[in-house]
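Work through the following exercises with the sequence and the coordinates open beside you, and try each task before you read its solution.

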Amino acid sequence: MDKHVFVINGSGGVGKDTVCAAAARFWKAENISSITPILDVAYAAGWDGRKTPEARRFLSRLKEVCTEFNDLPFSYCMERYRRFLQGDAQILFVHIREPEEIDRFRSAVGESCSAILVRRPALEQARGALGNRSDDGVLEYAYDGVFQNDGDLDGLPEKVHDFFRAFFGV
């Protein structure tokens with residue numbers, strides 16, 4: 001199998017990391033996020049690590065500011081992508097929420113990059129909007145695939161395996 005990059009998206013709490021962990025049972029995978037370098041800045045500014053609606057709004061706005069100032073999230077993702085190309089991992093999951101940033105990253109990476117959305121309809125409906133542009137705008141993108149995280153955890157690994165195999169043409 002060749003290397004493949006998946007931009008993975010979905011609102012908070014839908015199971016993106018769980019899907020990535022399930023995929024890692026079948027393929028050597030790395031999992032990164034465009035928000036990672038922003039978290040260090042947020043901690044320095046007094047964030048306590050909890051993802052409350054107010055904190056999510058703060059992180060979303062801070063990411064926008066850092067993108068405008070020095071493009072930190074994109075630079076971080078591209079550096080990690082270059083490392084991925086040199087390593088032995090088969091899949092790189094890149095968590096990016098904003099549609100324009102997904103497009104930008106995919107353009108830089110090329111054909112080996114697909115965008116997927118993870119949905120958990122019952123949770124999303126019960127919870128409603130999270131009150132920030134990054135979480136609440138995830139449906140504003142035309143994804144290559146949508147993973148419905150609506151079953152039990154026991155069946156998740158096989159469901160994830162089948163979903164990603166379709167991208168590899170097997």
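This is a predicted model: local features need pLDDT of at least 70, side-chain atom pairs count only at pLDDT 80 or more; totals for chains, interfaces and linings use all residues.

**Exercise 1.** Find how many salt bridges a search of the whole structure gives, and determine how exposed the two partners R50 and D48 are.

*Solution.* Begin with the total: the search of the whole structure finds nine salt bridges. One of the pairs to inspect is that of R50 and D48, whose side chains meet with an N to O distance of 2.9 Å. This pair qualifies as a salt bridge because the criterion asks for a side-chain nitrogen of Lys or Arg within 4 Å of a carboxyl oxygen of Asp or Glu. Next, take the accessibilities: R50 has 54% relative accessibility and therefore counts as exposed, while D48, at 47%, counts as partly exposed.

**Exercise 2.** Explain how R83 and E79 are placed relative to each other in helix α4, and state the distance between their closest N and O atoms.

*Solution.* First locate the residues: R83 and E79 lie four residues apart in helix α4, which spans residues 72-86, so about one helical turn separates them. Then turn to the distance, which is 3.6 Å between the closest N and O atoms of the salt bridge that R83 forms with E79. Finally, E79 counts as partly exposed, its relative accessibility being 35%.

**Exercise 3.** Identify the parts of the chain that the pair R106 and D144 links, and decide whether each partner is buried or partly exposed.

*Solution.* Start with the contact itself, a salt bridge in which the side chains of R106 and D144 come to 2.7 Å, N to O. The pair joins distant parts of the chain, since R106 belongs to helix α5 (residues 99-109) and D144 to the loop between α7 (133-136) and β5 (145-148), 38 residues apart. As for accessibility, R106 is at 19% and counts as buried, because the limit for that class is under 20%, whereas D144 has a relative accessible area of 41% and is partly exposed.

**Exercise 4.** Describe the surroundings of I102, and say which residues I102 contacts beyond its neighbours within four places in sequence.

*Solution.* I102 is found in helix α5, and its relative accessible area of 0% makes this residue buried. Setting aside the neighbours within four places in sequence, the contacts of I102 are V7, N9, I96, R97, A115, Y141 and Y143. For N9, compare sequence with space: N9 and I102 are 93 residues apart in sequence, yet their C-alpha atoms are 9.2 Å apart.

Key. Residues are numbered from 1 along each chain as its sequence is written. Side-chain values use heavy atoms; hydrogens and water are left out. Buried means under 20% relative accessible area, exposed over 50%, partly exposed in between (1.4 Å probe, protein chains only). Helices (H or I, at least four residues) and strands (E, at least two) are DSSP runs, numbered from the N terminus. Contact means heavy atoms within 4.5 Å.
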